[in-house]
Amino acid sequence: MSGRSTTIDIDPAEVERQLQANAEMLRTQLDGLRETGNMLHARGWSLGTSSNYSVVLERGPLELLLTASGKDKGRLERTDFVRVNDRGQRIERPGDDFPAENKPSAETLLHVVLSELPDTGAVLHTHSVWGTLLSDRFFEQGYVEISGFEMLKGLEGIPTHETTKRVTIFENTQDIASLAAEVRERLRDAENPLEHGFLIRKHGLYTWGRDLAAARRHIEVFEFLFECVGRLEFSAKS
Ligand SMILES: CSC[C@@H](O)[C@@H](O)C(=O)COP(=O)(O)O
Ligand SMILES: [Zn+2]
């Protein structure tokens, strides 16, 4: 030990600038999620406080900005959110302004598991009529099969309509920790990849993307395709 000490100059103006920049970035993310909620609610896919949405704020360790539980997704305010860590626990950072009573979404652990994927920037969950009906109709088969539609090309990395996409269906449960573990397991299964999204039986859809725009696109593409498959399935069989 030399006994010498090092002093670090902290410029208060620079600290203030950094705080302002972080606050501005957070407001942008909040407004993106609020606008997403408006759109998904207006489309009828996030009614009755259903759904939850998140974006990745930090990696290493992971921090998510996530809808608080029980909020009306068609009227989200900037205060209707929480920040959570890589275990799904609520945390605070300077500049956060979320009420103490806000609780993380009941389905937070699914957002955490999907956000652990290195390319995930946003996760969206919806409850549409077509997705819900198909998730039950095809539950025994284990997936909804979507084949030959041009709209499949709206899913990241799919270059042609000559594609067969199987959307996995998990059983519904209130034990989100065990469902999250099941999903994590499937995400690691290279033989049977879980990509773009999955359904939960009689519940809804989870999709993710590299950013909020990509996740929104995936929701729209899936919902379009579910309606196509659903109309064919139910009109042919009823
Ligand atoms: C209409 S209740 C739906 C909830 O049980 C749940 O599935 C859901 O999507 C919203 O839960 P939340 O805790 O608000 O994120
Ligand atoms: Zn749900």
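What average pLDDT does the chain have, and what share of the residues score at least 70? The chain averages 96, and 97% of the residues reach at least 70 (pLDDT is the predictor's confidence in each residue, from 0 to 100). This is a predicted model, so to speak: local features need pLDDT of at least 70, side-chain atom pairs count only at pLDDT 80 or more, and totals for chains, interfaces and linings use all residues. Residues are numbered from 1 along each chain as its sequence is written, while chains are lettered from A and ligands numbered from 1 in the order in which they are written.

**View 1. The whole chain, end to end.** Here you've got five helices and nine strands (DSSP runs numbered from the N terminus: helices are H or I with at least four residues, strands are E with at least two). Follow the sequence and the pattern goes α-β-β-β-β-α-β-α-β-β-α-β-β-α. The C-alpha atoms fill a box of roughly 80 × 40 × 35 Å along the principal axes.

**View 2. Helix 2 meets helix 4.** Helix 2 (residues 108–115) packs against helix 4 (residues 176–187) at about 20 degrees, with the axes 8 Å apart (axes are lines fitted to C-alpha atoms, for helices over the stretch in contact, and angles run from 0 to 180 degrees between N-to-C directions). That makes the two helices roughly parallel (under 35 degrees; over 145 is roughly antiparallel, 65 to 115 roughly perpendicular, and the rest oblique).

**View 3. Around ligand 1.** Among the residues around ligand 1 are T49, S50, N52, E107 and H125 (a C-beta atom, placed from the backbone, within 6 Å). The shell divides into one nonpolar, ten polar and one charged.

View 4. Most residues other than glycine have a negative phi, and most peptide bonds are trans. T49, in the loop between helix 1 (12–42) and strand 1, has a positive phi of about 70 degrees. A cis peptide bond joins G60 and P61, with omega about -5 degrees.

Methods: Ala, Val, Leu, Ile, Met, Phe, Trp, Tyr, Cys and Pro count as nonpolar, Asp, Glu, Lys and Arg as charged, and the others, Gly among them, as polar.
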